[in-house]
Amino acid sequence: MNDAPILICFDGSADAVRAIETSAELLGPHRAVVLDIGPPFSPEESLATLAPVVPSFEELNASQAGQVAARGAEIARASGFDAEARAAVAAPTWQGIVDVAHELDVPLIVIGSRGLSGLKEMIDGSLSHQVAEHAGRPVLITPPPNGS
């Protein structure tokens with residue numbers, strides 16, 4: 001791998017923590033950017049945009065994503081990475097991840113998987129599969145424990 005950092009996707013979930021720890025075991029010490037993508041608007045916030053005074057939800061969501069990414073960077077550093085946190089706001093989420101990966105020209109994207117399959121995957125979608133489909137670069141998808 002080149003000197004560019006790897007991109008680690010982190011949403012605060014146990015699957016994301018597992019992806020950090022697994023990639024650290026596989027890759028050893030590396031520079032890393034730990035990324036959380038917040039939504040421009042949650043469904044509830046979209047309704048609030050009809051109010052006469054609308055707070056900046058995008059700024060609030062970016063701030064929250066920054067806090068999540070900072071927690072992920074701490075976990076990554078404890079796992080042996082030279083990690084920095086990064087947050088962005090995008091919809092769809094996979095597009096935000098792919099955009100940051102292209103901007104940083106990362107050699108690898110690391111992402112956890114919830115292990116969805118069948119109808120559940122069709123309804124909820126698979127972020128890890130969408131990233132792998134659109135990234136145009138290697139993606140390490142860490143499955144949940146025991147393939148569940």
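Start by selecting helix α1 and colouring its buried residues: D15, A16, V17, A19, I20, S23 and A24. Buried here means under 20% relative accessible area, with exposed over 50% and partly exposed in between (1.4 Å probe, protein chains only). Helices (H or I, at least four residues) and strands (E, at least two) are DSSP runs, numbered from the N terminus.

A word on the source: this is a predicted model, where local features need pLDDT of at least 70, side-chain atom pairs count only at pLDDT 80 or more, and totals for chains, interfaces and linings use all residues. Residues are numbered from 1 along each chain as its sequence is written, and side-chain values use heavy atoms, with hydrogens and water left out.

Now show what sits over those α1 residues. The cover includes β1 (6-9), α3 (57-78), β4 (109-112) and β5 (139-142), with contact meaning heavy atoms within 4.5 Å.

Stay on α1, residues 14-27, and check its length: 14 residues at 1.5 Å each should span 20 Å, and the end C-alpha atoms are 20 Å apart, so the two agree. (The expected span is 1.5 Å times one less than the number of residues.) Step off the end of α1 and you land on G28, which has a positive phi, near 75°.

Next, select A70 in helix α3. A70 counts as partly exposed because its relative accessible area is 31%.

Move on to α4 (residues 93-104) and α6 (residues 127-134). Their axes come within 9 Å and cross at roughly 40°, which makes α4 oblique to α6. Axes are lines fitted to C-alpha atoms, for helices over the stretch in contact, and angles run from 0 to 180 degrees between N-to-C directions. Under 35 degrees is roughly parallel, over 145 roughly antiparallel, 65 to 115 roughly perpendicular, and the rest oblique.

Which residues meet there? Show T93, W94, I97, V98 and H102 from α4, and L127, Q130, V131 and H134 from α6. That contact has five nonpolar residues, four polar and no charged. (Nonpolar is Ala, Val, Leu, Ile, Met, Phe, Trp, Tyr, Cys and Pro; charged is Asp, Glu, Lys and Arg; the others, Gly among them, are polar.)

Finally, zoom out. The chain has six helices and five strands, running β-α-β-α-α-β-α-β-α-α-β from the N terminus. Of its 148 residues, 39% count as buried.
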